[in-house]
Amino acid sequence: FPVTICKRVELKPRKIVLMIQGENEEEYLRCFNKTIELLQPGDCLGFGGVAKVSTNKKVKQKLFNVLPYIVKEVINKRITSIHFFGVAKISVIKEIKKINFRITY
């Protein structure tokens with residue numbers, strides 16, 4: 001992970017996607033707050049651990065509890081997109097799209 005960040009220039013034109021993950025809101029936010037220090041404008045933030053959002057209401061609520069704070073900070077840092085790994089249901093994608101930010105799945 002630090003090696004990838006150090007080779008940022010060599011990796012162009014590829015984008016770096018730094019992922020965050022957590023078992024609960026506090027872990028997500030702790031991981032995010034450390035990760036955002038490494039992100040640079042134009043990078044992409046990845047959300048891991050969201051595959052169960054489609055089938056587990058608690059996981060879905062966890063994601064939607066932290067998302068407003070994270071999106072605000074991502075915009076302030078000029079990060080260009082957020083990628084959600086493992087989202088499989090159209091209904092969840094539609095809910096995430098309401099955030100009005102460049103989202104990929």
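Good morning. A word of caution to begin: what you see is a predicted model. Every value I quote is computed from it.

Let's start with the overall layout. The chain has 5 helices and 4 strands. What pattern does the chain follow, read along the sequence? It goes α-α-β-α-β-α-β-α-β. The chain has 105 residues, and 37% of them count as buried.

Now the strands. Take strand S1, residues 17-20. S1 pairs with S2 in the parallel sense, over 4 bridges. How does the chain get from S1 to S2? It crosses through H3, and this β-α-β crossover is right-handed.

S2 and S3 run parallel, joined by 4 bridges. Here, find Gly46: its bridge partner in S3 is His83. The chain passes from S2 through H4 to S3. This β-α-β crossover is right-handed too.

Stay with S2 for a moment. In a regular strand, side chains alternate between the two faces of the sheet. Look for that here. Cys44 and Gly46 point one way from S2. Leu45 and Phe47 point the other way. Are these residues buried or exposed? All of them are buried.

On to the aromatic rings. How many aromatic pairs does the structure hold? There are 3. I'll go through two of them in detail.

The rings of Phe32 and Tyr69 come up here. Their centres are 6.0 Å apart, and their planes stand at 80 degrees. Why is this pair called edge-to-face? Planes over 60 degrees apart count as edge-to-face, and 80 degrees is the angle for Phe32 and Tyr69, so the pair gets that label. Where do the two residues sit? Phe32 is in helix H3, residues 25-35, and Tyr69 is in helix H4, residues 57-76. Phe32 has 0% relative accessibility and counts as buried. Tyr69 has a relative accessible area of 33%, so it is partly exposed.

Next come Phe47 and Phe84. The ring centres of Phe47 and Phe84 are 4.8 Å apart, with the planes at 20 degrees. The cut-off for stacked is under 30 degrees, so with planes at 20 degrees Phe47 and Phe84 form a stacked pair. This pair also links distant parts of the chain. Phe47 is in strand S2, residues 44-47, and Phe84 is in strand S3, residues 81-84. They are 37 residues apart. Phe47 is buried, at 0% relative accessible area. Phe84 is buried, also at 0%.

Tyr28 is in helix H3. Its relative accessibility is 1%, so Tyr28 counts as buried. Tyr28 and Phe47 are 19 residues apart in sequence. In space, C-alpha to C-alpha, they are 9.1 Å apart.

Is Asn33 buried, partly exposed or exposed? At 32% relative accessibility, it counts as partly exposed. Asn33 and Ile20 are 13 residues apart in sequence, and 9.5 Å apart in space, C-alpha to C-alpha.

One backbone detail. Arg78 lies in the loop between H4 and S3. Arg78 is not a glycine, yet it has a positive phi of about 65 degrees. At 58% relative accessibility, Arg78 counts as exposed.

Last topic: pockets. Rolling a probe the size of a water molecule over the atoms shows where empty space is left. The largest pocket has a volume of about 160 Å³. Which residues line the largest pocket? They are Arg8, Lys12, Pro13, Arg14, Lys15, Ile16, Gln40, Pro41, Gly42 and Asp43. By type, the lining divides into 3 nonpolar, 2 polar and 5 charged residues.

To finish, please locate two things on your screen. Then find Arg78 in the loop between H4 and S3. Thank you.

Terms used. Residues are numbered from 1 along each chain as its sequence is written. This is a predicted model: local features need pLDDT of at least 70, side-chain atom pairs count only at pLDDT 80 or more; totals for chains, interfaces and linings use all residues. Side-chain values use heavy atoms; hydrogens and water are left out. Rings of Phe, Tyr and Trp (its six-membered ring) pair if their centres lie within 6.5 Å; planes under 30 degrees apart count as stacked, over 60 as edge-to-face and the rest as tilted. Buried means under 20% relative accessible area, exposed over 50%, partly exposed in between (1.4 Å probe, protein chains only). On a 1 Å grid over the protein atoms alone, a cavity is a set of points where a 1.4 Å probe fits but cannot get out, and a pocket is an open set with protein on both sides within 12 Å along at least five of seven lines; lining residues have an atom within 4 Å of a point. Grid points are joined across faces, edges and corners, and a volume is the space filled by probe spheres set on the points. Ala, Val, Leu, Ile, Met, Phe, Trp, Tyr, Cys and Pro count as nonpolar, Asp, Glu, Lys and Arg as charged, and the others, Gly among them, as polar. Two strands pair if DSSP finds at least two bridges between them. A crossover is right-handed if, with the strands pointing away from the viewer, the path from the first strand over the helix to the second runs clockwise.
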